[in-house]
Amino acid sequence: MERSLTELSEDYFKAAEDINCLIVKYRKQLNEAYMANNYLKTYEIKRKLTIFYDQKRDILATAYALKNYYEKDRRMVLA
């Protein structure tokens, strides 16, 4: 199955949304752990959140690169 770069970028945007859902879930757990003074759990959740934020940033960068891949070529031709 052949897919265009734009279609592939849509998959990456969807993956970023999925990771964002995880971030929201763990931010809630972080607040609950903090309020319960469970600092070990707070530390573990912060580590997970750091990984999720890094993944989301990388996925979004890839998604935008795929989405705008041909725009770079068009700008060079028009210049």
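Is lysine 14 buried, partly exposed or exposed? Lysine 14 is partly exposed, with a relative accessible area of 45%. Here buried means under 20% relative accessible area, exposed means over 50%, and partly exposed lies in between (1.4 Å probe, protein chains only).

This is a predicted model, in which local features need pLDDT of at least 70 and side-chain atom pairs count only at pLDDT 80 or more, while totals for chains, interfaces and linings use all residues. Residues are numbered from 1 along each chain as its sequence is written, and side-chain values use heavy atoms, with hydrogens and water left out.

Confidence comes next. pLDDT is the predictor's confidence in each residue, from 0 to 100. The chain has a mean pLDDT of 90. Of its residues, 89% reach 70 or more. Confidence is highest in α2, at a mean of 97. It is lowest in helix α3 (residues 69–78), at a mean of 60. Where pLDDT is low, the predicted coordinates should not be read in detail.

Now the helices. Helices (H or I, at least four residues) and strands (E, at least two) are DSSP runs, numbered from the N terminus. α1 has 31 residues and reaches 45 Å from its first C-alpha to its last. That is close to the 45 Å expected at 1.5 Å a residue. α2 has 29 residues and reaches 41 Å, close to an expected 42 Å. The expected span of a helix is 1.5 Å times one less than its number of residues. Just after α1, asparagine 37 takes a positive phi of about 60 degrees.

What makes up the largest nonpolar core? Ala16, Ile19, Ile23, Tyr26, Leu30, Ala33, Ile45, Leu49, Phe52 and Ile59 do, 10 residues in all. α1 gives the most, with 6 residues. A nonpolar core is a set of buried Ala, Val, Leu, Ile, Met, Phe, Trp, Tyr and Cys residues joined through side-chain atoms within 4.5 Å. In soluble globular proteins, nonpolar side chains tend to be buried together.

The buried residues of α1 include Ser9 and Phe13. What covers the buried residues of α1 includes α2. In α2, the buried residues are Thr42, Ile45, Leu49, Phe52, Ile59, Ala63 and Leu66.

Contact means heavy atoms within 4.5 Å. Isoleucine 19 touches Phe52, Gln55, Lys56 and Ile59, not counting residues up to four places away in sequence. Leucine 60 counts as partly exposed because its relative accessibility is 23%.

Two polar residues also deserve a look. Serine 9 lies in helix α1. It counts as buried because its relative accessibility is 1%. A polar atom of its side chain lies 2.6 Å from the backbone oxygen of threonine 6. Leaving aside neighbours within four places in sequence, serine 9 is in contact with Ala63, Leu66 and Lys67.

Threonine 42 lies in helix α2. At 5% relative accessibility, it counts as buried. Its side chain reaches the backbone oxygen of asparagine 38 at 2.9 Å. Leaving aside neighbours within four places in sequence, threonine 42 is in contact with Leu30, Ala33 and Tyr34.

The structure holds 3 salt bridges. A salt bridge is a side-chain nitrogen of Lys or Arg within 4 Å of a carboxyl oxygen of Asp or Glu. Side chains of opposite charge can pair when their charged atoms come close.

Lysine 14 meets aspartate 18 in a salt bridge (2.8 Å, N to O). Both lie in helix α1, 4 residues apart, about one turn of the helix. Aspartate 18 counts as partly exposed, at 37% relative accessibility.

Asp54, Arg57 and Asp58 are linked in a network of salt bridges. Arginine 57 meets aspartate 54 at 3.2 Å, N to O. These two are separated by about one helical turn, because they are 3 residues apart in helix α2. Aspartate 58 also forms a salt bridge with arginine 57, the closest N and O atoms being 4.0 Å apart. Aspartate 54 is partly exposed, with a relative accessible area of 31%. Aspartate 58 is partly exposed, with a relative accessible area of 45%.

Terms used:
Polar contact = N/O pair within 3.5 Å; in protein donor to acceptor, adjacent residues only side chain to side chain.
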